[in-house]
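Take a look at the structure below. We will go from the whole chain down to single pairs of residues.

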Amino acid sequence: MQQFDLIIVGGGLAGASLAVALRDARLRIALVESHPPVRPDGWDARIYAVSPANAEFLQGIGAWRHLDAQRIAPIAGMQVFGDNGGKLAFSAFETGVPELGWIVESSLMACELWESAKRQGNLTLFCPALPASLEFRHDAAVLHLDDGTLLSARLLVGADGRDSWVRDAAGLEAFNTPYGEKGLVANFATEKTHRNQAFQWFRPDGVLAYLPLPGNRISIVWSTPDDHADELCALPAAQLCDRVAEAGGHTLGGLELLTAPAAFPLRLMRVPQTVAPRLALVGDAAHGIHPLSGHGINLGFQDAQVLAGLLASVPAWRDIGDIGLLRRYQRARREETVLMQSATDGLRRLFRGDTPGLAPLRNFGLNLTNGLPFIKNALVRYALGAL
């Protein structure tokens with residue numbers, strides 16, 4: 001039996017950032033992961049919009065400054081188009097901030113966090129390793145790995161994604177609402193420069209986003225019904241480029257495919273209890289939202305920041321697996337998570353609804369908000385500060 005203070009199962013972005021955020025804590029940490037992150041050839045099709053608050057978090061734990069700046073694109077503005085003439089435009093300049101966020105490849109962040117974790121003095125990596133069974137005792141969580149290794153800790157954190165093994169093994173319920181949609185992702189070279197602008201279209205066939213990459217490149221996320229996503233994935237490269245360019249109104253001219261398209265199923269996931277005695281969930285193990293906001297990983301980073309701050313601040317005599325302490329983490333994260341889940345799900349329902357007369361109203365709302373700079377900038381500043 002190897003004894004630790006904290007076991008983190010899952011070395012993705014949320015789990016690795018939690019571990020690295022605790023590099024100076026008086027805690028012995030074990031990080032369990034099935035495989036280390038790898039950098040793909042070319043550009044990673046899986047990208048995230050990282051908010052200023054979370055860029056600051058990554059800077060604070062020493063990861064952000066080591067990312068290759070040539071592969072990060074700032075978001076100077078965003079233009080949102082409704083399905084019936086509505087438009088809403090956000091500008092970093094008009095809001096009084098340097099940028100609205102940054103577009104960063106998932107693997108770029110994952111590899112840097114992993115390298116930081118490997119150098120961490122209070123951290124032991126178990127990789128490749130898979131959990132086999134989990135037992136909760138009154139004074140410890142005991143994790144059995146598939147190679148027979150036994151790990152024990154006062155607290156175990158599940159950071160192992162939406163289909164979390166830890167969550168299931170602990171008996172915590174997750175309520176899933178399938179959207180009947182897939183998120184299609186791919187990267188393209190563009191004929192016209194994007195000027196670090198992001199674009200989003202609410203269309204009858206889903207929500208399409210163009211996200212700026214360095215140079216004349218973009219990454220797209222097209223949230224669309226399953227059949228349509230499968231159809232798009234099966235198209236030859238030239239036809240896919242034409243379809244994506246047409247769906248975006250040829251805003252950036254012609255497109256050239258850089259990465260093969262991939263699609264993943266979308267669902268809303270609510271986890272009423274994200275903590276239990278000697279257990280806490282972070283990241284996608286704790287919540288799932290529609291990707292139209294691009295804020296999924298921001299919630300995960302904030303989970304890691306809040307939990308790391310709580311664990312690092314408790315006195316040495318305090319049991320970090322105590323349910324009273326862990327409920328403080330759950331309360332601290334619940335409001336923001338529920339707000340973001342409700343907002344994204346509500347927007348999706350609003351623009352997917354076919355109620356007669358609804359389209360003019362929802363597009364009127366976009367135009368009205370766009371014409372009220374005070375309200376619009378307040379919304380942006382809240383998003384930048386909260387996320």
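**From surface to salt bridges**

The accessible surface of the chain comes to about 16700 Å², by the Shrake-Rupley method with a 1.4 Å probe. Carbon and sulfur atoms hold 54% of that surface. This is a predicted model: local features need pLDDT of at least 70, side-chain atom pairs count only at pLDDT 80 or more, and totals for chains, interfaces and linings use all residues. Residues are numbered from 1 along each chain as its sequence is written, and side-chain values use heavy atoms, with hydrogens and water left out.

Of the 387 residues in the chain, 55% are buried (under 20% relative accessible area; exposed is over 50%, partly exposed in between; 1.4 Å probe, protein chains only). The chain has eleven helices and 20 strands (DSSP runs numbered from the N terminus: H or I, at least four residues, for helices; E, at least two, for strands). One of the helices is α2, residues 52-60. Its buried residues are Ala53, Asn54, Ala55, Phe57 and Leu58. Gly62 follows α2 and has a positive phi, near 85°.

Now the charged pairs. The structure holds 15 salt bridges (a side-chain nitrogen of Lys or Arg within 4 Å of a carboxyl oxygen of Asp or Glu). One of them joins Asp303 and Arg333, with the closest N and O atoms 2.6 Å apart. Asp303 lies in helix α8 and Arg333 in helix α9, so the pair ties together parts 30 residues apart in sequence. Both residues, Asp303 and Arg333, are buried. Elsewhere, salt bridges that share partners join Asp5, Arg28 and Arg154 into one network.
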